[in-house]
Amino acid sequence: MNYTIEEIKNKVDAVYDTVVSMRRHLHMYPELSEEECETSRFICQQLDLLGIPYEKDIAGHGISAVIYGKNRAHGVGLRADMDALPIEEKVEIPFKSKNPNIMHACGHDIHTAILLGAAKILNEMKDDLPGSVRLFFQPSEETIGGARQMIEAGCLTSPAISSVLGLHVDSSTDAGSVELIPGAMNAACCEFTVVVTGKACHGAHPNDGIDALLPACTMVSSLQSIITRRIDPAESVLITVGKFNSGTKENIVSGEAVFSGTMRALDMRNMDKLKTYLTDLCKSTAAAYGASCSISFSGSYPTLENDPKLFDIVMKTAKAVLGDTHVKLTVKPSLGADDFAFFCHESRGLYYNIGCRKPGETDAYPIHSELFCPDESCIRTGILTQVASVLHILKEEEKTW
Ligand SMILES: [Zn+2]
Ligand SMILES: [Zn+2]
């Protein structure tokens, strides 16, 4: 199996226009997390046309497909997320979203199209591939973490998948370039909800009841002391309270207050500390005000930790196919979270950013904006880097099978 860079580039050029039209179709018909029904149907149609076997309806509307190479028992994986966001698109393009209040504002239409393009090329190469390639079309990245469910459904087995690559569009980097981060790239996260219970009474006689709102306010402001006084200041952690509800009327002492937020940590060990400190602080504050409280945690993701060996391979491959100046090394991780972290946790994983800013543009809108408008040429970069990296990784991993 020895394809030259020129040969791979020619294959990417040959599929590019088709992949762009697939992306535009997906962009026009975006679907929310857990509702990716038509998106899934579209992907299955494309896989049928290519003759690639797959299983559908995994983790909801997920699809797991396999391109069998010479070794049918071992392989590597490529992952694309499929879901869109509850946003009304404001970009005036011919393929603007036709689904009201839903938009592919996180570029998952691009990711899915890139994976379909890579699938076509790798399928053409299958007789030469030393191992198999698993294609993960993953649902619900934005909400419940479809990655974990696909893994729990056994998608990393038969063939055994030792390495998974994923990519995400990034509007702070020019299209044509990629950005790689060694080690921890995204934070572990965990959502929390605190319910403070008191006893409602007339606002003129607060001593007849127990105010739930006041201790809840104290908790929200005191939580920040965990970051500045309980955790090593050299560590990256955060607590954000994004929602707070309490009270029914201006002259009634509130009997219940509910607030919720998210906690992030680059080091998983700090996540356990955050949970303990938050619980202690809320319980003791409630007690000090004569109220009570309950705390629940949900939606935990581990840290997204890039594998050093895969990092080296993809870095080297990206430089070879894109040129040194189009490969950015960044050492600053983000406290954002992505469920690709589960792939990194359960196998070796490498997640990287592909630039999608029009070269020369200075005010590109970021992902999750109603005006997000990626330069479609990033599709070419994505397919090229993914295909070339898979070939390189299979060659390396073949030695260990
Ligand atoms: Zn997103
Ligand atoms: Zn995303």
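Colleague: Where does Glu34 lie?

Modeller: This is a predicted model. In it, Glu34 sits in the loop that joins α1 to α2 (37-50).

Colleague: Is Glu34 buried, exposed or partly exposed?

Modeller: Count the neighbours. A residue is buried if 20 or more other C-beta atoms lie within 10 Å of its own, and exposed if 12 or fewer. Glu34 has 16 C-beta neighbours inside 10 Å, so it counts as partly exposed.

Colleague: Which value does phi take at Ser140?

Modeller: Near 55°, again positive in a residue other than glycine. Ser140 is placed in the loop between β4 (131-138) and α4. Ser140 has 25 C-beta neighbours inside 10 Å, so it counts as buried.

Colleague: Is the peptide bond from Ser158 to Pro159 cis or trans?

Modeller: Look at omega. The bond is cis, with omega near -5°. Pro159 belongs to the loop between α4 (146-152) and β5 (160-174).

Colleague: Now the helices. What describes two packed helices?

Modeller: The angle between their axes, and the distance between the axes. Take α1 and α9. They pack at an angle of about 130°, and their axes are 9 Å apart. That makes α1 oblique to α9.

Colleague: Is the crossing of α1 and α9 left-handed or right-handed?

Modeller: Right-handed.

Colleague: Which residues in α1 meet which in α9?

Modeller: From α1 come Ile8, Lys9, Val12, Tyr16, Val19, Val20 and Arg23. From α9 come Ile379, Arg380, Ile383, Leu384, Val387 and Ala388. The residues of this α1 and α9 contact comprise ten nonpolar, no polar and three charged.

Colleague: Let me follow one of them. Where is Tyr16, and what does it touch?

Modeller: Tyr16 is in helix α1 (residues 5-28). Leaving out residues up to four places away in sequence, Tyr16 touches Ile379 and Arg380.

Colleague: How far apart are Tyr16 and Ile383, in sequence and in space?

Modeller: In sequence, 367 residues. In space, 8.9 Å from C-alpha to C-alpha.

Colleague: What about α7 and α9: at what angle do they cross?

Modeller: The axes of α7 (residues 308-322) and α9 (residues 378-398) cross at roughly 130° and come within 9 Å. α7 and α9 are therefore oblique to each other. The crossing is right-handed.

Colleague: Which residues make the contact of α7 with α9?

Modeller: On the α7 side, Leu310, Ile313, Val314, Thr317, Ala318, Val321 and Leu322. They meet Thr381, Leu384, Thr385, Ala388, Ser389, His392, Ile393 and Glu396 in α9. By class, the contact of α7 with α9 has nine nonpolar, five polar and one charged residues.

Colleague: How do α5 and α6 cross?

Modeller: The axes of α5 (residues 213-230) and α6 (residues 268-288) come within 10 Å and cross at roughly 145°. α5 passes α6 in a right-handed crossing. Among the α5 residues that meet α6 are Pro215, Met219 and Ile226. Their partners in α6 include Leu274, Tyr277 and Cys282. The contact of α5 with α6 divides into ten nonpolar, three polar and one charged residues.

Colleague: Step back to the whole chain. Into which domains is it divided?

Modeller: Domain 1 covers 5-187 + 303-398, and domain 2 covers 191-301. Their C-alpha centres lie 38 Å apart.

Colleague: How many residues are in contact between domain 1 and domain 2?

Modeller: Nine residues of domain 1 contact eight residues of domain 2. On the domain 1 side, the touching residues are six nonpolar, two polar and one charged.

Colleague: One last residue. Where is Gly355, and is it buried or exposed?

Modeller: Gly355 is in strand β16 (residues 348-357). With 25 C-beta neighbours inside 10 Å, Gly355 counts as buried.

Colleague: What does Gly355 touch?

Modeller: Residues up to four places away in sequence are not counted. Among those it touches are Asp170, Thr173, Gly176, Val178 and Cys378. Gly355 and Gly382 are 27 residues apart in sequence and 9.3 Å apart in space, C-alpha to C-alpha.

Conventions
Residues are numbered from 1 along each chain as its sequence is written. Chains are lettered from A and ligands numbered from 1 in the order in which they are written. This is a predicted model: local features need pLDDT of at least 70, side-chain atom pairs count only at pLDDT 80 or more; totals for chains, interfaces and linings use all residues. Axes are lines fitted to C-alpha atoms, for helices over the stretch in contact, and angles run from 0 to 180 degrees between N-to-C directions. Helices (H or I, at least four residues) and strands (E, at least two) are DSSP runs, numbered from the N terminus. Angles under 35 degrees count as roughly parallel, over 145 as roughly antiparallel, 65 to 115 as roughly perpendicular and the rest as oblique. A crossing is left-handed if the near helix is turned anticlockwise from the far one by less than a right angle, and right-handed if clockwise. Two residues are in contact if their C-beta atoms, placed from the backbone, lie within 7 Å. Ala, Val, Leu, Ile, Met, Phe, Trp, Tyr, Cys and Pro count as nonpolar, Asp, Glu, Lys and Arg as charged, and the others, Gly among them, as polar. Domain bounds come from an automatic or database domain assignment.
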